[in-house]
Amino acid sequence: MNASTPAEHAHAVAALLAPVLDRLVDDALAELITLTPGAAAGRVLSEDVHSRIQVPPFTNSQMDGYAVRAADLESASTDTPVRLDIGATSAAGDAGHEHVPGTASPVMTGAAIPSGADAVVPIELADPPRFMGIGKGAGVRPADSTVRFHAPVEVGTFVREAGADLATGSTILPAGTRLGPAQLGSLASAGVTEVRVRRRAVVLLLSTGHELRAPGDELEPGQIYDANTASLTAAMEESGVIVQVAFAPDDASAVLDAIARHPDADLIVTTGGVSAGAFEVVRDALEPAGVQFGKVAMQPGGPQGLGDARVPSGDGERTVPVIAFPGNPVSALLSFEMFLRPILRGTAGLDPTRRVHRAPLAEALSSPPGKHQIRRGRLREDGTVEVGAPGSHLLHDYARATVLVHVPIGVATLPAGAEVEVWRIDE
């Protein structure tokens, strides 16, 4: 793989992963899941979902008030209010009943509109503006109680018609919809208990390096804690995939053994061992298997690898796509941001893009003219962007950033006040 621009490498990654991601939308691989709390959140529908009922299933009240016939209040005014007997009460959950013409039936929010009534007057517009002498239970009328109205009312006022949200047989949600709070609520309102969803991609995240230790372990001289597993697992799960985690020291056979232990991974993402050093374990293990390694004109994150790899699987081999990132934490996370995040999120029904705009630099900066530089920065209250140092090891600086600042190839210096492209990463 020769040196390429970030856009060219992103295109190559998308082409490599297209067959895998196309399989995820295959109806034959769809999963039938039960809509229990938490089980379906974030999943993507593989087929349209239709309503077997109308929603709401009956005409009901939008307000606490009195159900009336609009015709009975035509002559109502401030000077000549209309006085009506109070009819039978309807509370939420009560069965519907018949409205008696010339009466006002107390009705609560969500309760069925009595048959024959065609409008609701909110309780605060009635006289008195509170319920008095209402009946106990549906169909029960109070004795010798009246209510006055000082204005007419339009037919349909504060009435929710049956089927206003969904008609029987209508599409609740189309295939490709990601299930969030509103979508799950809509399905529940129609009584849906099961849906078919796309299978989620399974990604093996393989961190490599003899020097790495898990957080919590004691560090010996020359050792560091593994940050890539934590940051990339979170980034991938946020992008809608299932992450399997593995670790391999600087030994090519250990890399292949770790891959062989995860035969169901759709994609392998590695960190570390991709440069031109003497212990580039990922390159040693996977270049003979078909993965190409080279440079992308990007800083940080220049060393990259990708390709379909022939790897051990059971008693034989299988071919699986590999995306190889550098080992420095900032380089790895920015590589994911640039090349993998948009693809995974798009497949998961999420917005694949960051919010992009231009902002003036708070201070001057320099950049290697032959590389697309990505700096971490923070937006100030005055709208300018404060840019941090370019080092690929400065993860704390990344953690405090609110934007990524992009300096394109061909730019060596920019003065304070020059506008740069920024991606919001705090939303």
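I looked up valine 100 and found it in the loop between β5 (82–86) and β6 (103–107). Helices (H or I, at least four residues) and strands (E, at least two) are DSSP runs, numbered from the N terminus. The model is predicted, so local features need pLDDT of at least 70 and side-chain atom pairs pLDDT 80 or more, while totals for chains, interfaces and linings use all residues. Residues are numbered from 1 along each chain as its sequence is written, and side-chain values use heavy atoms, with hydrogens and water left out.

Valine 100 has a relative accessible area of 37%, which means partly exposed (buried is under 20%, exposed over 50%, partly exposed in between; 1.4 Å probe, protein chains only). Isoleucine 86 is 14 residues from valine 100 in sequence, and their C-alpha atoms are 9.8 Å apart.

I then turned to α4 (residues 252–260). Its buried residues are Ala254, Val255, Ala258 and Ile259.

Last, I looked at α3 (residues 228–238) and α6 (residues 329–347). They pack at about 15°, axes 10 Å apart (lines fitted to C-alpha atoms over the stretch in contact; angles run from 0 to 180 degrees between N-to-C directions). On the α3 side I listed Asn228, Ser231, Leu232, Ala235, Met236 and Glu238; they meet Pro329, Ala332, Leu333, Phe336 and Arg345 in α6.

Notes: Contact means heavy atoms within 4.5 Å.
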